[in-house]
Amino acid sequence: MTEILRLTPDDALAMLLEGNQRFVAGTPEHPNQDAARRAETAPAQSPFAVLFGCSDSRLAAEIIFDRGLGDLFVVRTAGHVAGTEVLGSIEFGVSVLGCPLVVVLGHESCGAIAAACAAADGGSTPAGFVRDVVERVMPSVLAARAAGHDQGEQILHEHIRHSADLLLERSRVLAERVADGRLAVVGLSYRLADGSARLVAAHGLSRAAV
């Protein structure tokens, strides 16, 4: 546990991406998934990263990053849209649990982004609370198109960057920790076909890590 508490933001991201590389290669180690780890983490948790991702069933964080119990503090919503509950959960992971890294994880073929694109093109907006999700994704779609980006991956990356920026704009806790070097907030884009996650946004990493 103490080893994880001393991780820098760069170290935490490296650990996460190394696990993803194992997953992509088909050589997962399944660390921290045994009875010993269960007993070790029962009294308290000390995750090394907050993972804020889309709720898509194909985006199971501990699997695609080859991690285990107590490694990741996971917060997920459709389209990784951030309300107050999300911000509070992420701040808890950072300020109480001491995570040095916050990851915004988006993915290709995101249904929330597709629905926002359809609505922007004049289609119908979903009913109920799904409408709220689509409306929160819409600014990313409009910003991407205003910049001349209309491909699916371009819009996805804009939404990931927008989500990461929004966390820092709305949370003084996160912004202050990034400013003093204790935290990094990054955005990763996940490819469903090959399982790879690549960096598309970064705040608080060293130049070497980027």
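Contact here means heavy atoms within 4.5 Å. Helices (H or I, at least four residues) and strands (E, at least two) are DSSP runs, numbered from the N terminus, and residues are numbered from 1 along each chain as its sequence is written. The model is predicted: local features need pLDDT of at least 70 and side-chain atom pairs count only at pLDDT 80 or more, while totals for chains, interfaces and linings use all residues, and side-chain values use heavy atoms, with hydrogens and water left out.

- Five strands form an open sheet in the order 2-1-3-4-5, with mixed pairing; two strands pair if DSSP finds at least two bridges between them.
- At the edges are strand 2 (72-77) and strand 5 (197-203), each of which pairs on one side only.
- Neighbouring strands of this sheet are turned by 20° against each other on average, direction ignored. Axes are lines fitted to C-alpha atoms, for helices over the stretch in contact, and angles run from 0 to 180 degrees between N-to-C directions.
- Six bridges join strand 1 (residues 49-54) to strand 2 in the parallel sense, and glycine 53 has arginine 76 in strand 2 as its bridge partner.
- Strand 1 also pairs with strand 3 in the parallel sense, over four bridges; here leucine 51 is partnered by valine 103 of strand 3.
- Strand 3 and strand 4 run parallel and are joined by seven bridges, with leucine 101 opposite alanine 184 in strand 4.

**Helices on the sheet**

- Helix 5 (residues 84-96) lies across strand 1, strand 2 and strand 3 (101-107), and runs at about 170° to strand 2.
- Helix 8 (residues 152-170) packs on the sheet and touches strand 1, strand 3, strand 4 (184-190) and strand 5. The direction of helix 8 makes about 40° with that of strand 5.

**Buried strand and core**

- Strand 3 is largely enclosed by the rest of the structure, because seven of its seven residues are buried. Buried means under 20% relative accessible area, exposed over 50%, and partly exposed in between (1.4 Å probe, protein chains only).
- On one side of strand 3 the buried residues are Leu101, Val103, Leu105 and His107, and on the other they are Val102, Val104 and Gly106.
- The largest nonpolar core has 59 residues, of which Leu16, Ile90, Leu101 and Leu167 touch the most other members. Such a core is a set of buried Ala, Val, Leu, Ile, Met, Phe, Trp, Tyr and Cys residues joined through side-chain atoms within 4.5 Å.
- Leucine 156 lies in helix 8 and is buried, at 4% relative accessibility. Leaving aside neighbours within four places in sequence, leucine 156 is in contact with Gly106, His107, Glu108, Ile113 and Ser189.

**Salt bridges**

- The structure has 13 salt bridges, a salt bridge being a side-chain nitrogen of Lys or Arg within 4 Å of a carboxyl oxygen of Asp or Glu.
- Arginine 198 and glutamate 153 form one of them, with the closest N and O atoms 2.9 Å apart. The pair links distant parts of the chain, as arginine 198 is in strand 5 and glutamate 153 in helix 8, 45 residues apart.
- Arginine 198 is partly exposed at 34% relative accessible area, and glutamate 153 is partly exposed at 40%.
- Aspartate 132 forms a salt bridge with arginine 136, with 2.9 Å between the closest N and O atoms. Both lie in helix 7 (residues 130-146), four residues apart, about one turn of the helix.
- Arginine 22 and glutamate 29 meet through their side chains in a salt bridge (3.9 Å, N to O). Arginine 22 is buried at 15%, whereas glutamate 29 is exposed at 56% relative accessibility.

**Around arginine 67**

- Arginine 67 is in the loop between helix 4 (61-64) and strand 2, and counts as buried at 9% relative accessibility.
- A network of salt bridges links Arg37, Glu40, Arg67 and Asp71.
- The side chains of arginine 67 and aspartate 71 are joined by a polar contact of 3.2 Å. A polar contact is a pair of N or O atoms within 3.5 Å; within protein, one must be able to donate a hydrogen and the other to accept it, and residues adjacent in sequence count only if both atoms are side-chain atoms.
- Not counting residues up to four places away in sequence, arginine 67 touches residues including Met15, Arg22, Phe48 and Leu72.
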